[in-house]
Amino acid sequence: MKRYTSITGEMLLKSYESKSWELIIEINPEDIVSFYMELQLLKSELCETVTIKSSSTFCDVNISMSDVGNDSIIKVIDKSYKVRLSNNSVDVILAFILKYYKDFCAPVSHLHIELSDNKILGVDGSLTIIASNSAEPISGDDAKKLLGID
């Protein structure tokens with residue numbers, strides 16, 4: 001089964017002079033529940049893919065689970081982003097979104113998930129989940145403790 005949802009936050013691909021890049025997905029408070037539920041359906045193997053479309057930037061990303069170990073990967077096909085997330089990456093995103101929901105603000109302003117690509121985009125980059133409401137900035141070590149990452 002394929003799923004589809006829309007978010008109000010922006011979604012865009014940024015490339016930098018250093019040939020690095022990031023696919024950015026902004027999650028607004030009104031997007032939290034649908035975004036979380038769609039990823040949970042994916043994680044629970046109740047659907048094969050989730051397409052998330054931004055109503056503000058009209059971009060979309062197709063997300064599925066990776067079957068290649070711990071690597072999360074991205075492919076760009078005809079201006080469409082296809083992301084295959086590792087089990088660990090989905091767990092980290094779900095924890096981040098759940099804490100955002102619980103506290104009405106995310107524990108940190110953004111979360112980076114490293115992505116590999118087939119060299120179309122250049123060097124490896126990241127999927128960046130940005131929370132429009134977040135707590136005050138803290139150190140990287142404190143952020144890992146809050147997210148339960150060792």
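**Exercise 1.** Is the crossing of α1 and α2 left-handed or right-handed?

*Solution.* Before we start, note that this is a predicted model, where local features need pLDDT of at least 70, side-chain atom pairs count only at pLDDT 80 or more, and totals for chains, interfaces and linings use all residues. Residues are numbered from 1 along each chain as its sequence is written, and side-chain values use heavy atoms, leaving out hydrogens and water.

Step 1: find helix α1 at residues 32-43 and helix α2 at residues 87-103. Their axes lie 10 Å apart, at an angle of about 150°. That makes α1 roughly antiparallel to α2 (angles over 145 degrees count as such).

Step 2: the crossing is left-handed, meaning that the near helix is turned anticlockwise from the far one by less than a right angle.

Step 3: look at who touches whom, with contact meaning heavy atoms within 4.5 Å. Contacting residues include Phe35 and Leu39 of α1 and Ile93 and Leu94 of α2.

**Exercise 2.** Which loop holds Glu45, and is Glu45 buried or exposed?

*Solution.* Step 1: Glu45 sits in the loop between α1 and β4 (49-54).

Step 2: its relative accessible area is 71%, so Glu45 is exposed (buried is under 20%, exposed over 50%, partly exposed in between, with a 1.4 Å probe and protein chains only).

Step 3: check the backbone. Most residues other than glycine have a negative phi. Glu45, not a glycine, has a positive phi of about 60°.

**Exercise 3.** Where does Phe104 lie, and what is its phi?

*Solution.* Step 1: Phe104 belongs to the loop between α2 and β8 (110-117).

Step 2: its phi is positive, about 65°, although Phe104 is not a glycine.

Step 3: with 70% relative accessibility, Phe104 counts as exposed.

Technical notes. Axes are lines fitted to C-alpha atoms, for helices over the stretch in contact, and angles run from 0 to 180 degrees between N-to-C directions. Helices (H or I, at least four residues) and strands (E, at least two) are DSSP runs, numbered from the N terminus. Angles under 35 degrees count as roughly parallel, over 145 as roughly antiparallel, 65 to 115 as roughly perpendicular and the rest as oblique.
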